[in-house]
Structures are given as C-alpha cells and as structure tokens.
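Here's a quick look at the aromatic contacts in this one. Have the viewer open and follow along.

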Amino acid sequence: WSNVVRVVIASANLTEDGYRRNLEIFASFDYREDGEYPTRLLQEVVECLGLCANRSQAESQSASPALKRVRALLDRVRGMPSEWGRTDEDTLKRGLAAYPVLVGPERPNALEALAQLWPAYAPPTDAHVVSPFFDPPDAPNLPARELWQRLRKRGDARAFFYLDAEDIPDGKVLIHAPESLLKAQPSGRSGVETRVHRVELETARPLHAKGISFDDDRWSLYMIGSSNFTSAGLGLNSARNLEANVAFLVDANKQPQIAEALGFAFPPNVALNLDTVKWQGSPNSEDEIPSEEA
C-alpha cells in the first residue's frame, strides 16, 4: 500500500449497519503508477478531508497527535506523482469520466454542480433519484423544484423517484417520502411526468443508498455519495452539510456497456400506481439540525 492510494466515496456511515446490513452504494478509485483515474478527484477529496479534520477540534486547541497524523498522511498524498492519474480531459476522451461533487460552505449546491458538468447543448430529459431521507412534508421541497429546473423546459421531461415503502393493512402502499415530490412538477405544461418506484429490498435491509442521475439519448451523469435528497444534503440552504459525492459521466456512443451498467447501479424496483399509495414523510432524517441538548 506504500505505492497505492485508494479513495472510497460512499453512502455508508462507519457503523455496523452501514457495512453489514443497509443497502448502500460505494465507488472506489485506486491511484498508482500509470493510473487511469482523474487526479482532480483525488486532490479535491484530500482538501475536503483536510477541512473535516480541521473542524474536528476547537480553533483554540493545539493539534492533537491524531490530527497531526491525519495531516501528515494528506500531505503525503498531495505529493503523489502526476503520472499516477489522468486529467479530466483525458478520461472524457474515452467516454467515461468521474468528477468530485463536494457540498459545503462556499461551494455550489450539488444540482448546480451537476448542471455544470452536463456536456450536451440541451439539458437532460430524465432525472432519477434514490434517497432514504427527504425534507419534512410541511416544508417547501427545494430539492425537487431545483431538479425540475435542471431538466428541459420544452418537450418531454420526466422525474423518477425510487423510494422506501411498505404494504399496509388497507391494501395500499405507504411511501416513506413527502407528497411534495409530486407537487414540484411544473404545472400547466404537457409532456412532463413524475413516476414513483418502490425499492424492493431484502428482508430487514434498510435503504440507505443515495443517488441522482441525469440522462438523455446519449449522455448519463450519475452521482452517488453521502448527499440525501434534502436541502441541507444537497447544499440548497444556508445550513449546508459537508458531503462527499462522485459523478460518473458516460457517453453511450463510446461506452454503451458502461452506460447500460449504470442502470443496474440503481436498486431493484417496481413502478407504483399513485392511486394505491399513501404518503408519509421520512421516519427520521440524517440532516435534521442537532438538538442543543447534550
């Protein structure tokens, strides 16, 4: 491992459930001599980890031995030879690129960052979202509104949501998400549609994976990581979380097999008839403002 740097960006927390029980998603990048992965991704992740480390103690405190070791490791990675990776331009020429999408203070929100990465002249036609947590049902659904702003304003456009749900005694399906996901759809416009899918999970395997993709006939831009589909998780409000995501950009004309494989990265699911569902907000949220009580 003295000649390899591995970067892992994932939805999982460092908990037993995160690594042994939940449905999660991970992306792994190994940097070594003559590596194929973009160096900018590694550089920005290192800076993000440095920011997190610096926030782990009060400014008035001197650096702890553990923090000094973290900084030493990050400094060592910063000195990685340039030939261990490639530029963004080199990776995109092959039809497959990976970009960091980091959320935090003084950074663009995640959906804005994805819009900047989208390579086509026209905005995408479709958006796909999987998330276990959302803003409260009585709050304006800023993420869903912003999602529609990033899709085409004319012609057909669709938003797909892949949600946690359960059967209830009256024969209907209870969805653990707010109905505001539907209400964010543009009104008075033909050709737009919101579709809801139920994630089919194995017994006692909670949904914790998070992902957003934008697509058209040629391009797919798929982001995974730690951002829930919430205002704080995507960086849409003043109380922005520190989040780490990676977006894969695939040109289906050059990489048809990889473009097809992106679809399999979404969890197994089945489309729901909206006449048979009941809406209930997320049972809890990772993005809630912590209580002031210890």
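What you're looking at is a predicted model, where local features need pLDDT of at least 70, side-chain atom pairs count only at pLDDT 80 or more, and totals for chains, interfaces and linings use all residues. Residues are numbered from 1 along each chain as its sequence is written, and side-chain values use heavy atoms, with hydrogens and water left out.

On confidence (pLDDT, the predictor's score for each residue, from 0 to 100), the chain averages 90, and 96% of the residues score at least 70.

Now the rings. Those of Phe, Tyr and Trp (its six-membered ring) pair if their centres lie within 6.5 Å; planes under 30 degrees apart are stacked, over 60 edge-to-face, and the rest tilted. The whole structure holds eight aromatic pairs. Here are two of them:

| Pair | Centre distance | Plane angle | Type |
|---|---|---|---|
| phenylalanine 134 and phenylalanine 229 | 6.2 Å | 70° | edge-to-face |
| phenylalanine 161 and phenylalanine 229 | 5.9 Å | 65° | edge-to-face |

Phenylalanine 161 and phenylalanine 229 sit 68 residues apart, so to speak, in distant parts of the chain.

Elsewhere, ring pairs tie Phe29, Tyr31, Tyr37 and Phe248 into a cluster.

Note on methods. Helix = DSSP H or I, 4+ residues; strand = E, 2+ residues; numbered from the N terminus.
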